[in-house]
Amino acid sequence: MDRIESQISGVSKVSLNGEWRVSRAADREEELPAVVPGCVHLDLLAAGRISDPFVAENEDDCQWVSREVWSYRRAFDVDQATLDCDRIVLRCHGLDTLAEVFMNGVKIGDANNMFRTWEFDVKSVLRLGANDIEVRFQSALLFTEAKQSERKLPNWSEGNEKLVGGPWVRKCQSNYGWDWGPKLVTCGIWKDIELVGFSFGRLQDAHFQQHHGADGVRIQLTVEAEMVTSSQATARAFILDGGAVVAECEAAFSEGKVTLSATITRPKLWWPNGMGEAHLYELRVELLDKGGFVRDVVGKRIGLRRLELQRHADEWGESFQFAANGVPFFAKGANWIPADALLPRASAGDYRRLLDDAVGVNMNMLRVWGGGVYECEEFYDICDELGICVWQDFMFACAGYPSFDAAWMRNFELEAEEQIRRLRHRASLALWCGNNELEQGIVAETWTDTAMSWEDYSALFDELLPSVIARLDPDTDYWPSSAHSPIGDRCDFNNPTCGDAHLWDVWHGRKPFEWYWTSTHRFCSEFGFQSFPEPRSVEFYAPADERNITSYVMEHHQRSGIGNATIIDYMLSWFRLPCGFENTLWLSQILQAAAIQYAVEHWRRNMPRTMGALYWQLNDCWPVASWSSIDYFGRWKALHYAAKRFFAPVMLSVVDDPKAAKFSLHITSDLLTECEGQLRWVLCDTDGREIGGGTKIVSMAPRCARHVLDIDVSDARRDVGEQGLLLFCEFLINGETVSRSFGTLVRPKHLRLRAPKLSHRVESCGDSKDVIVTVSAKRPALFVWLEFEEDGVRADDNFFHLQGGESRSIRLLPVGEGEIKGVGIRVRSLYDTFAE
Ligand code: BMA
């Protein structure tokens, strides 16, 4: 079917994906089956030649794989129709990384950049009938070790959690290891590979631009074609909305290029999640010959929107806020790392699940972090659909890069051109960012062991990259680095008055959570706190006799040097020492959620001074202790449930003031319209006895944060003592609770909590497949959580607080297709973590 269609269109494509063979180049005899797209570690794993590197310490035993030369081969047939094409190329959408490509024994080219598409002319080497292809991968690790011994580039944590020399090669930097990831310097044909043949010409690019005016949105489309013939060619474009054509234009190519334009008069705008519909149109571009026959077609989905970074002088310095269609919004989200350390394994379903999980907790922005990869089409497709804005880093992180090397620079320039052309039409694309954290101490006056020179840094991030962006995508903003301070001393990378900031005073700096409340930064693009995955996930990698957080395997699955000690240190300052291994894992999640909630609530209260909070990090690439809110298996940690609450469109939060015996209540609304609701609060003791309470009607202007009530609890404190006092509060709109909050005058470890006597009841919900669990507490219960034995289940709320005598109905949601049985549910709370 594909073939027939492609022949009609005049570009024939023969996929070479599928079954290949892989062997060490030094030992061709021993060939193993291989899958393309894929990578050598996945092939060796499937063939039983290595043990799963994600289990126990197996990663150590497969380090030899990164030191070999690997050869991928397959045979394929070519028919006369393909052979008759005047131009035939082998198109490799992704080779990881140092590759030589041979066809029928003839070398057809080399590749040295994982982030580029490689095309090789194969017209003269192809034969009718049987052909063979070999792609041979050098060891990127041996290459970078050699380069690094010739000239040492600065690189954080090298030799510790990282292998040597990553910055020398244009390859996923976290392959070399990271403080949350394994060291698996893999190789392989990691994206599609195909033969492409054509005789007339093919479409190369269609640059879509939009100009919003009073009479609608004017579309401008610059189409480029690679022509084989010199005969006349025309470009025709359609914009469709739900299948119906809303605009159409056509014009003849001149020297392979043409600009078309059209106006959409009643545009349906694209909005980020929470601001409106993320409406998408279809764009179809055709290459026509002079008889009007379609010779090539490309399709894209586009959104009509203005999406910009607004920086202007204001009372606090310079703003840093994103605006959609002129409306500034608070960016709520997280940092994204590769979805799997062995990336070709991440399926479209994995991307769908993770991104659904991001919008499911009210996120509207993700930052594709610079130590991973430019993501696959599915990723951006789903972000476009769901209204997730993308902050896109270029792939540089935490190291000095050899921009003094002209060939390396040219290689990157081509990479940047390709990625910008690929992604610039995306509705979700909010920002191009040069790199991750290079300005954070890796740049100095001159090159040293720990820094690159400002001169070489600037050549790359102040000159080359912004000029490529200005040429190819002038409509998207560029930001040189994250974190970056645009005013004053550039080395003051976390300047609180301007730019974005990476706030690691809590965690790396070991400051107390209260430090967050002193931050007045304009946009917090990184801050984080670690936790362990839940017991079921840990059981996957830690055998029974290693289930203690100081065991070798548990420390092996913890890549932050200060990791486990830091978790425990903070844990003891907030919570009682937990009993046993499992409670330690769960309590680490509660602690992590508390830390990030502390931070985000503060910044949202501080809007519009602060206009973004992207925590580190959304996801994991293997099972490990890390800063993620979703573990490798897709299980939500307590933080992810908390994110749903602290990123809610309308958020109630409590600021406690133990000295003054006072709670201050604040509401932050991201709604685009005014809202009115009822604030309710109940003060009780740890036995659940009500001591006070009240209600208040509150109106909130659109997009604002304000202090709405002070509650003086000095009398109650005198009566029951500060360790016995709990404040529960909620905000209701039209009778429905939209946000809950909670306050105490002491840290949870000093509360006189009593056994809450939790019980739960499982009910099915009418005809629907939904299952409801009603959880009840006799006495106040903090951080109540449901734990599931069956997989494929999630709760619509978890790690919540209950008042004494309160019942809460929690809906269980299926993850994927499965049906929920509602069996094996355990309900526990903070009390159970320490009470034996
Ligand atoms: C950041 C990131 C990563 C790192 C994280 C946790 O600043 O950019 O490099 O994994 O901190 O240490």
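Strand 35 (residues 650-657) and strand 36 run antiparallel and are joined by eight bridges. The model is a predicted one, in which local features need pLDDT of at least 70, side-chain atom pairs count only at pLDDT 80 or more, and totals for chains, interfaces and linings use all residues. Residues are numbered from 1 along each chain as its sequence is written, and side-chain values use heavy atoms, with hydrogens and water left out. Strands (E, at least two residues) are DSSP runs numbered from the N terminus, and two of them pair if DSSP finds at least two bridges between them.

Within this pairing, Ser653 stands opposite His666 of strand 36. Four residues separate the two strands of the hairpin, and Ala661 in the turn has a positive phi of about 50 degrees. Strand 36 also pairs with strand 39 (residues 704-712) in the antiparallel sense, over eight bridges; here Leu665 stands opposite Leu709. Strand 36 (residues 662-669) is largely enclosed by the rest of the structure, because seven of its eight residues are buried (under 20% relative accessible area, 1.4 Å probe, protein chains only).

Three cavities of 30 Å³ or more were found in the whole structure. A cavity is a set of points, on a 1 Å grid over the protein atoms alone, where a 1.4 Å probe fits but cannot get out; lining residues have an atom within 4 Å of a point. A volume is the space filled by probe spheres set on the points. The largest cavity holds about 130 Å³. Its lining comprises 19 residues, of which Cys172, Asn175, Asp340, Ala341 and Leu343 lie nearest the centre. The second largest cavity has a volume of about 50 Å³, and its lining residues include Trp70, Gln138 and Cys187.

Conventions: On a 1 Å grid over the protein atoms alone, a cavity is a set of points where a 1.4 Å probe fits but cannot get out, and a pocket is an open set with protein on both sides within 12 Å along at least five of seven lines; lining residues have an atom within 4 Å of a point. Buried means under 20% relative accessible area, exposed over 50%, partly exposed in between (1.4 Å probe, protein chains only).
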